[in-house]
Amino acid sequence: MINSQTKIFAVIGQPVRHSLSPILHDWFIKKFKLNAAYAAFEVDAGNLEQAVNGLRSLGLGGFNVTIPHKESILQFVDDTSDSVALLGAANTLKNKDGFVKAFGTDPFGFVESLGEEAARFNGARVVVFGAGGSAKSIVYALGKLQVHYVCIVNRSRARAESLAGAALEKYGLHQVSVFDASKNILNDLVSEADILINTTSVGMHPLINESILPDSSAISKKHFVYDLVYNPGLTKFLADARLRGAKVQSGLDMLIFQGLESVRIWHGEHFEIGKDELKEIRKILKTELGINE
Ligand code: NDP
């Protein structure tokens with residue numbers, strides 16, 4: 001029930017109409033019995049500073065920040081977490097008495113979503129498809145997971161090179177290489193790797209028949225294959241990999257755990273969700289997305 005003590009949180013972005021964050025955070029609010037409410041605000045770039053000032057002046061608890069403001073929001077905050085300083089982007093703002101600090105929860109969401117599979121990453125060879133905003137978070141997380149080698153495959157080589165530079169200079173990785181997605185060396189890269197991660201939007205609804213790796217013949221049962229895309233639940237990339245015997249995982253749990261990390265930051269408490277609760281929220285989000293696998 002809302003009362004005069006209720007803390008207000010929201011996602012800001014453009015567009016936010018299809019954001020799953022209000023449903024996810026409403027579930028957290030009920031699950032953890034928080035005196036909080038969560039809304040979605042469509043904010044255009046010209047109003048971003050006013051939105052952050054609104055956060056301060058109204059005493060709201062915080063915002064999640066989504067496309068296209070994850071980078072530009074940083075000019076309006078008072079402080080940033082270490083990961084935000086390294087990544088140059090944030091998805092969570094916390095307001096404490098008018099002081100606004102920016103955090104990035106995607107790398108944490110990715111690592112926590114791995115569960116027992118996280119053990120595979122220590123010393124592993126990883127191919128990352130994509131070099132956009134989410135790829136940065138993933139490559140940063142790969143540094144924390146102490147992988148041995150990262151190979152970045154992207155359509156635009158310049159973007160991949162820039163990410164590789166950051167990985168070597170700032171994310172603690174020692175061996176990073178860059179390849180063009182069009183190169184026929186791709187099958188060799190894949191067969192030499194242990195883990196493949198798609199951070200591109202290729203295969204996302206409605207273009208569900210596309211895969212970032214149209215020829216999956218180099219994938220085998222030794223591989224762990226992760227797709228950040230969560231709609232559809234099983235992308236063509238993952239479906240092909242599963243047919244080849246690989247263990248696969250979609251991005252839905254990452255979405256859930258990056259949201260959970262925001263809640264921990266806002267409320268200063270290490271909330272946890274159990275296996276059954278994870279199943280429950282997955283089901284709610286899949287229903288919302290119209291996924292019925
Ligand atoms: P960006 O726009 O920052 O980056 C997009 C990336 O995809 C770039 O590397 C781009 O290549 C590549 N790409 C796009 N279209 C194509 C194509 N047709 N062929 C080859 N490469 C392509 O997006 P984000 O990194 O923010 O998001 C990417 C995906 O990750 C989205 O589907 C998003 O929903 C998902 N995501 C999931 C999260 C989760 O919690 N599960 C969290 C964050 C994102 P280029 O550089 O050449 O343009």
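Q: How many bridges join E7 to E8?
A: Five, and the two strands run parallel. Keep in mind that this is a predicted model.

Q: OK. What stands opposite Val 128?
A: Ile 152, which belongs to E8.

Q: Which strands make up the open sheet, and in what order?
A: The order is E9-E8-E7-E10-E11-E12, six strands with parallel pairing. E9 and E12 (247-249) each have a single partner strand and stand at the edges, so one side of each is left without a neighbour in the sheet. From one strand to the next, the twist averages 15 degrees.

Q: How do E10 and E11 pair?
A: Over four bridges, in the parallel sense. Ile 195 has Phe 224 in E11 as its bridge partner.

Q: And on to E12, how many bridges join E11 to it?
A: Three, with the strands running parallel. Val 225 is opposite Val 248 there.

Q: Which way do the E11 side chains point?
A: Phe 224 and Tyr 226 go one way, Val 225 and Asp 227 go the other, and all of them are buried. As a rule, side chains in a regular strand alternate between the two faces of the sheet.

Q: What is Asp 180 in contact with?
A: Setting aside neighbours within four places in sequence, Asp 180 is in contact with Val 153, Asn 154 and Arg 157.

Q: Switching to helices. Which strands does H5 lie across?
A: H5 lies across E7, E8 and E10, and runs at about 170 degrees to E7.

Q: Which H5 residues are buried?
A: Ala 135, Ser 137, Ile 138, Val 139, Tyr 140, Ala 141, Leu 142 and Gly 143. Following H5 comes Gln 146, with a positive phi near 55 degrees.

Q: Let's talk packing. Which residues touch the most other members of the largest nonpolar core?
A: Phe 110, Phe 121, Leu 142 and Ile 197, in a core of 33 residues. Elements that each supply at least two residues of this core include helix H4 (106-114), helix H6 (157-169) and strand E9 (176-180). The largest share is six residues, and it comes from H5.

Q: What is Phe 121 in contact with, leaving aside its neighbours within four places in sequence?
A: The list is Phe 110, Leu 114, Leu 142, Leu 145, Gln 146, Val 147, Ile 195, Ile 197 and Phe 224. Apart from that core lies another one, of 24 residues, including Phe 9, Phe 28, Leu 260 and Phe 271.

Q: Phe 9, then. What is its bridge partner in E3?
A: Gly 62. E1 and E3 pair in the parallel sense over four bridges.

Q: And E3 to E5, parallel or antiparallel?
A: Antiparallel, with three bridges joining them. Asn 64 stands opposite Thr 92 in E5.

Q: Last one, H2. Which of its residues are buried?
A: In H2 (residues 48-57), they are Leu 48, Ala 51, Val 52, Gly 54 and Leu 55. They cover an arc of only 150 degrees around the axis, which puts them on the same side of H2.

Q: What do the buried residues of H2 pack against?
A: Strands E1 (7-13), E3 (62-65), E5 (92-96) and E6 (99-103). The face turned away from the buried side of H2 carries Gln 50 and Ser 57, which are exposed.

Q: What about phi just after H2?
A: Gly 59 sits there with a positive phi of about 70 degrees.

Key
Residues numbered from 1 in each chain as written. Predicted model: local features only at pLDDT ≥ 70, side-chain atom pairs only at ≥ 80, totals over all residues. Heavy atoms only, no water. Core = buried A, V, L, I, M, F, W, Y, C linked by side-chain atoms within 4.5 Å. Buried < 20%, exposed > 50% of the residue type's maximum accessible area, 1.4 Å probe, protein only. Contact = heavy atoms within 4.5 Å. Arc of directions from axis to C-beta. Pairing = 2+ DSSP bridges. Axes fitted to C-alpha atoms, helices over the stretch in contact; angles between N-to-C directions.
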